[in-house]
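Thanks for coming. I will go through a few local features, and you can follow along on the screen.

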Amino acid sequence: MQKVFQKNETNMKQIIKMVEDKNRFFFFLLTFFIIAACNHKSNHTDKNRDNWPIFRGNPSLTGYSDISLPENPKLLWTFKSDSYTKSSPIVYNRVVYWSNRRGEIYGINMEGEQLFDYNMETAVDGTPMIYDSILYIGRIDGKLWAISVTIQDTLWSFETWGQIMASPNRLNYEGREAIIVGSYDNNVYCIDSKNGTEISRFESGFYINGAVAQSNNFIVFGGCDGWIRVVDCISGVQTDSLDVKIYIPASPAIRDNWCYIADYSGNVYELELDKGKISSSKKILESKDENSNFVSVPAVSNKMVFVVSDDRYIYAINRKDGSMAWKYLLKGDTGESSPVICKDKLLVCTKTGIVSIHDSKTGNLLWEYDTGEQIMASPAVIKGYFFILTQKGTLFCFGS
């Protein structure tokens, strides 16, 4: 009997050891896949950190980056094009692109050397957008151009009946890539990126000056007619709208189904979006001064909204309850440049030409630089660098 018990005990120990070995194997396998997945994610993130391919950094136009700014930025180099521009810089594969009023497009590498030079010979005021090595840009004559940055040649053009002032945006649906742009002919167009054919269009009540923000196959934009509109850009059908009765010159920003947009009189609105509908809306900042106009785009983080007003203040608003966290008085006129959030810091440019970095929690000034030239453009940020473009066409590169 005792031998049987000992034999059973031995068998049980062998079984337990086998189970433990099996568990160790599965634990090792799980750990391997987790590490591999993390490495894959890290590589993907690093690749994205070399690009700022669209006005405000992403199709939702939030002006947010998870990249940390240098602790003590230094001016690394400048590139002088000496031509008036209203374009913001964008970055693709570590090359900085922008356009100017003469229709010239520049591409400058990280050493300040010009790699790309293309002349459309027609006035341009908008910011380009790049996707998959193709640069899309709207012109004053109403044409949207698609230009290959690889072969430096035009692939197609699409004609509207009014000038295009805003940056194009993009949308991926059913394996197709669409380009979305508004025009002064009152229409927003959805265009096939491969061949430049029209997919849909939506006609609004007046000029469309700002870029559209995109989220979940819907676009949101304001117009000169005072309406905020939500449109299904595949069908071209408006799904909802809100009349604020005041001119809206700038673009909205969307994060987590919440949209933030400012009107020209100094009001900032928060809209809750639900499947193409505006389920709620409220003012989170109300104009109290006739000089507190907004022509820049809000920057939106997980917890905060930052707006720069013509009354020279930066306003920091809590998204949770709409309360004012802080405000900071800037030096000189602000203008159209929109702020950029980089983790716990806020990067701001003024029309006066001053670039400043602030603590996003307190508003405290951390760093400041005077370019000596007026700035209308919004900054572009990639890993290790940020770029400022002046109206005169000077590109400033800052880094560690």
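Let me begin with a charge and a ring. Arg-255 lies over the face of Tyr-64, and the distance to the ring centre is 4.8 Å. Please keep in mind that this is a predicted model. There is another such arrangement with a lysine: Lys-327 sits over the face of Tyr-313, at 4.6 Å from the ring centre.

Now to rings paired with rings. How many aromatic pairs does a search of the whole structure find? The count is 22. I will take one of them, Phe-79 with Trp-98. The ring centres of Phe-79 and Trp-98 are 6.2 Å apart and the planes stand at 70°; planes over 60 degrees apart count as edge-to-face, so this pair is edge-to-face. Where do the two residues sit? Phe-79 belongs to strand S2, residues 74–80, and Trp-98 to strand S4, residues 95–99, so the pair ties together parts that are 19 residues apart in sequence. Phe-79 and Trp-98 are both buried. There is also an aromatic cluster, formed by Trp-367, Tyr-369, Phe-386, Phe-396 and Phe-398.

Strand S2 comes up again in a sheet. Four strands make up this open sheet, in the order S2-S33-S32-S31, with antiparallel pairing. S2 and S31, the latter covering 380–382, are at the edges with a single partner strand each, so one side of each has no neighbour in the sheet. From one strand to the next, the twist averages 20°. At the S31 end, S31 pairs with strand S32, residues 385–389, in the antiparallel sense over three bridges. Ile-382 is opposite Tyr-385 in S32.

Next, cysteines. A search of the whole structure gives zero disulfides. Cys-342 has 0% relative accessibility and therefore counts as buried. Cys-397 is buried as well, with a relative accessible area of 0%.

Last, the backbone. Most residues other than glycine have a negative phi. Which way does phi go at Arg-94, positive or negative? Arg-94 is not a glycine, yet its phi is positive, at about 65°. Arg-94 is located in the loop between strand S3, 90–92, and S4. With a relative accessible area of 31%, Arg-94 is partly exposed. Asn-216 is another non-glycine residue with a positive phi, here about 55°. The loop holding Asn-216 runs between strand S15, 213–215, and strand S16, 218–222. Asn-216 is exposed, and its relative accessible area is 56%.

That is my list; I will take questions now.

Methods: Residues numbered from 1 in each chain as written. Predicted model: local features only at pLDDT ≥ 70, side-chain atom pairs only at ≥ 80, totals over all residues. Heavy atoms only, no water. Phe/Tyr/Trp six-rings, centres within 6.5 Å; stacked < 30°, edge-to-face > 60°. Helix = DSSP H or I, 4+ residues; strand = E, 2+ residues; numbered from the N terminus. Buried < 20%, exposed > 50% of the residue type's maximum accessible area, 1.4 Å probe, protein only. Lys NZ or Arg CZ within 6 Å of the ring centre and 35° of its normal. Disulfide = S-S within 2.5 Å. Pairing = 2+ DSSP bridges. Axes fitted to C-alpha atoms, helices over the stretch in contact; angles between N-to-C directions.
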